[in-house]
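This report describes the arrangement of strands and helices in a single model and the surroundings of selected residues. The sequence and structure are shown first.

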Amino acid sequence: MNAVRKLPPIEVLPRDLSAWEKGNTGTAFVHRFDSGRPGPRVMVVGLTHGNEFCGAEALHWALGEKLRPLAGSLVLAFANVAAYRSFEKAKPLDSRFLDRDLNRVWRDDWLANEKTREADRARELLPFVTEAEFLLDIHSTSFAVRPFFVSAQHARGRDLAQRIGAPRSLLLVDGGFDGRAMIEHGEFADPQGQRTALVVECGAHFLKPSVDVAKATMLDFLATVGSVDPDWAAVRRPSVPVSESGVYEITEVYVARSDDIAFLQPFVGFEEVGEGTPIVRDGDNEVRAPYPRCTVLFPKAQPMKGRELVTLARRID
Ligand SMILES: [Zn+2]
């Protein structure tokens with residue numbers, strides 16, 4: 001039996017982003033502002049996944065407000081507008097990407113050779129990504145779970161998330177995905193490196209509160225890294241609920257082996273289950289919690305063979 005999990009309603013729809021297409025960098029939908037003063041090189045990315053509207057809303061707002069860095073430089077980039085534009089209300093999860101997940105293509109060998117529309121776009125974004133000393137990539141989740149940060153597994157990622165302050169939950173990734181995320185590219189994943197990148201997962205894809213979390217986190221991030229004046233940010237920051245805290249380490253990213261998938265409880269994310277608890281049936285295989293107090297994350301609402309199905313994590317703090 002497949003446990004029924006209801007997706008949240010669609011409160012936010014795609015908007016016309018064509019005003020931001022030309023940008024000022026020669027790369028579509030990428031805007032770069034230089035303060036002319038020394039300071040951090042910062043980047044905020046939205047729409048790495050085309051159906052995650054909160055990042056597009058936050059960037060649209062920032063550009064409309066003429067948000068500019070007071071020191072260093074700031075890049076604001078809509079990553080996968082082509083996927084965003086493919087959105088259909090009847091199939092809201094299908095516009096995550098066109099050919100392949102843009103947030104799994106950031107391996108140097110794949111960036112060099114892959115011929116997909118997402119790899120093409122990643123190559124366009126690459127010079128900006130590799131320039132950034134601090135990068136925030138804004139995402140959302142299928143189900144309405146608490147907002148959280150995601151970082152590569154090193155102290156400076158955890159430190160930056162703590163300094164930003166909210167959301168208060170953090171997921172640490174250690175190369176476990178089926179491919180590499182943007183925040184794992186190059187030095188971002190190197191414990192000895194300097195440059196730091198975080199994902200923020202703001203809540204469910206199409207809910208209005210996720211947009212507030214995206215704007216608030218973007219402003220908190222920019223103020224923390226010294227890109228904008230904290231007082232300027234504070235008066236513009238939407239107030240959002242204080243989220244639950246916790247630090248989690250990914251232990252397994254399970255990829256579906258069949259198209260015959262049934263979740264065995266109505267998992268939406270952040271459930272903690274005991275060792276041996278059946279989580280999902282995949283054809284003849286049953287995925288069970290491999291250790292006590294196992295946290296279930298990213299249970300897919302629309303499972304597909306060959307794609308990530310569920311992620312398991314251990315709470316460490
Ligand atoms: Zn995403």
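## Surroundings of Leu 135

Leu 135 touches Met 43, Val 45, Val 129, Ile 183 and Ala 197, with residues up to four places away in sequence not counted; two residues are in contact if their C-beta atoms, placed from the backbone, lie within 7 Å. Leu 135 belongs to strand 4. Helices (H or I, at least four residues) and strands (E, at least two) are DSSP runs, numbered from the N terminus. The C-alpha atoms of Leu 135 and Thr 196 are separated by 6.5 Å, although the two residues are 61 apart along the chain.

Is Leu 135 buried or exposed? Leu 135 is buried, because 27 other C-beta atoms lie within 10 Å. A residue is classed as buried if 20 or more other C-beta atoms lie within 10 Å of its own, as exposed if 12 or fewer do, and as partly exposed in between, with C-beta atoms placed from the backbone.

## Basis of the model

The model is predicted: local features need pLDDT of at least 70, side-chain atom pairs count only at pLDDT 80 or more, and totals for chains, interfaces and linings use all residues. Residues are numbered from 1 along each chain as its sequence is written.

Eleven strands form an open sheet of mixed pairing, in the order 1-3-2-4-7-5-6-8-14-13-10; two strands pair if DSSP finds at least two bridges between them. Strand 1 (30–34) and strand 10 (271–273) stand at the edges with a single partner strand each, so one side of each is left without a neighbour in the sheet. From one strand to the next, the twist averages 25°. Axes are lines fitted to C-alpha atoms, for helices over the stretch in contact, and angles run from 0 to 180 degrees between N-to-C directions.

Strand 3 (residues 73–78) is mostly covered, with six of its six residues buried. Ser 73, Val 75 and Ala 77 lie on one side, and Leu 74, Leu 76 and Phe 78 on the other.

Strand 1 and strand 3 run antiparallel and are joined by five bridges; Arg 32 has Val 75 as its bridge partner in strand 3. Strand 2 and strand 3 run parallel, with six bridges between them, and Val 44 stands opposite Leu 76. The chain passes from strand 2 through helix 1 to strand 3 in a right-handed β-α-β crossover, meaning that, with the strands pointing away from the viewer, the path from the first strand over the helix to the second runs clockwise.

Strand 5 (residues 148–152) runs parallel to strand 6 (residues 169–173), and four bridges join them. Phe 149 is placed opposite Leu 170, and Ala 152 has Val 173 as its bridge partner.

Helix 6 (residues 208–224) lies across strand 2 (41–46), strand 4 (134–141) and strand 7 (196–204), and runs at about 160° to strand 7.

The axes of helix 1 (residues 53–64) and helix 6 come within 8 Å and cross at roughly 55°. Helix 1 and helix 6 are therefore oblique to each other; angles under 35 degrees count as roughly parallel, over 145 as roughly antiparallel, 65 to 115 as roughly perpendicular and the rest as oblique. The residues in contact include Cys 54, Ala 58 and Trp 61 of helix 1 and Val 211, Ala 214 and Met 218 of helix 6.

## Surroundings of Val 228

Val 228 lies in the loop between helix 6 and helix 7 (230–236). Val 228 counts as buried because it has 23 C-beta neighbours inside 10 Å. Its contacts, not counting residues up to four places away in sequence, are Leu 67, Pro 69, Leu 70, Leu 222, Ala 223 and Ala 233.
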